[in-house]
Amino acid sequence: MSAPNLRGLTPAIVTPFDDQGDVDLDSLVSYVSWLKSIPGVVAVVLNSHAGEGSALTSDERALIVRTVKSEFPDLHVVAGIIGDGTRLAAGEAERAAAAGADSALIFPPPSANRFGFQDGSVQDRFKAVWSASSLPMIAFQFPNITKATFNLPLLLELCALDGVFALKDGGRDMIRWDVEVPVIRANFPELQILTCQDEFLLHTMWESDGALVGFGALIPELLVEELTLAKAHDYTGAKAVHDKILPITKAVYHRASHIESTPAMKLGLVDRGILRSANVRSPIMPLEDVARESIRRAMIAADIELPVVV
């Protein structure tokens, strides 16, 4: 397998919906066109947490992949694979491959968040997806506070599987990050480690090959700048960008629930003139009225141009 190169910023994008609650394909295309125009953006992830993938039908998920890939054939498209059962995940990956996806981001099964894993079940999931789709795979490390997180021995097993070329690390545990990343590097020097730790980007970017992160859906240019400086080990420069971003991080992620980052980013994208609406699908709910103004003020403080007058 020739491994894709995601050594840069890969935004996990939001999914635009129209006022009837249907996928807004026109907004999707213009949104991806904007992301693609930003130097340092190397790919996009579709149908992930940020994209409300679990609220989309299987037909919609395939349509989104097909639409983006047909409009932007030279853009690397990562399809989120979120189905609970292994057969469902394999079928989802097969449909994504047929729609034009270039690689797959493999979520742990949702039931694992409560129940954890039986021995061998995670490996079986990856093997089934690879067999069904032949899509290069990114393993998704969930937060350490969940039962869906992978311990180090399991991570090493997954990294050794055929088809796995990258690890999206969202463990949000800096002890594990500092201890385990060197072990993974020593065993798999070619594996791409991609941070997705929205609240800990500065800490984790130093040792990352890239960032596969929902926050890139809203402020890709700032994250590209921070990542570039961090990879160059320019602490002063990276810290300055981090400090500029921090108010936006607070407005988007320091909320009652992490899932609220999706409607928060949609509000920001409307104010940036990128999306036409901030509509979401239940179980995600619209945010309180004051949220938009706090996000807007944070972006203005970060010197982000806001063409929309409200």
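## A loop residue and the basis of the model

Asparagine 47 sits in the loop that joins strand 2 to helix 2 (58-71), where helices (H or I, at least four residues) and strands (E, at least two) are DSSP runs numbered from the N terminus. The model is a predicted one, in which local features need pLDDT of at least 70 and side-chain atom pairs count only at pLDDT 80 or more, while totals for chains, interfaces and linings use all residues. Residues are numbered from 1 along each chain as its sequence is written, and side-chain values use heavy atoms, with hydrogens and water left out.

The phi angle of asparagine 47 is near 65°, a positive value in a residue other than glycine, and at 3% relative accessibility asparagine 47 counts as buried (under 20% relative accessible area, with exposed meaning over 50% and partly exposed in between, for a 1.4 Å probe and protein chains only). Glutamate 52 is found in the loop between strand 2 and helix 2; although glutamate 52 is not a glycine, its phi is positive at about 55°, and its relative accessible area of 3% makes it buried.

An open sheet of 8 strands runs in the order 1-8-7-6-5-4-3-2, with parallel pairing, where two strands pair if DSSP finds at least two bridges between them. Its edges are strand 1 (9-11) and strand 2 (43-46), each of which pairs on one side only. Neighbouring strands of this sheet are turned by 25° against each other on average, direction ignored; axes are lines fitted to C-alpha atoms, for helices over the stretch in contact, and angles run from 0 to 180 degrees between N-to-C directions.

How many residues of strand 3 (residues 76-81) are buried? The count is 6 of the 6, so strand 3 is largely enclosed by the rest of the structure. His76, Val78 and Gly80 point one way from the strand, whereas Val77, Ala79 and Ile81 point the other way, and all are buried.

Strand 3 pairs with strand 2 in the parallel sense over 4 bridges, and valine 78 in strand 3 is the bridge partner of valine 45. The chain passes from strand 2 through helix 2 to strand 3 in a right-handed β-α-β crossover, a term that applies if, with the strands pointing away from the viewer, the path from the first strand over the helix to the second runs clockwise. Strand 3 and strand 4 (residues 103-106) also pair in the parallel sense over 4 bridges, with serine 103 of strand 4 as the bridge partner of valine 78, and strand 3, helix 3 (residues 86-99) and strand 4 form a right-handed β-α-β unit.

## Helices on the sheet

Strand 6 (residues 164-169) and strand 7 (residues 192-195) are joined in the parallel sense over 4 bridges, and aspartate 169 has threonine 195 in strand 7 as its bridge partner. Helix 7 (residues 174-187) lies across strand 5 (137-141), strand 6 and strand 7, running at about 160° to strand 7. Helix 9 (residues 220-231) packs on the sheet and touches strand 1 and strand 8 (210-213), contact meaning heavy atoms within 4.5 Å; the direction of helix 9 makes about 150° with that of strand 1.

## A cis bond and the cysteines

The peptide bond from serine 282 to proline 283 is cis, with omega near 20°, and proline 283 is placed in the loop between helix 11 (261-271) and helix 12 (289-301).

The structure holds 0 disulfides, a disulfide being a pair of cysteine sulfur atoms within 2.5 Å. For cysteine 159, the nearest cysteine sulfur is that of cysteine 196, 14 Å away. Cysteine 159 is buried with a relative accessible area of 7%, and cysteine 196 is buried with 4%.
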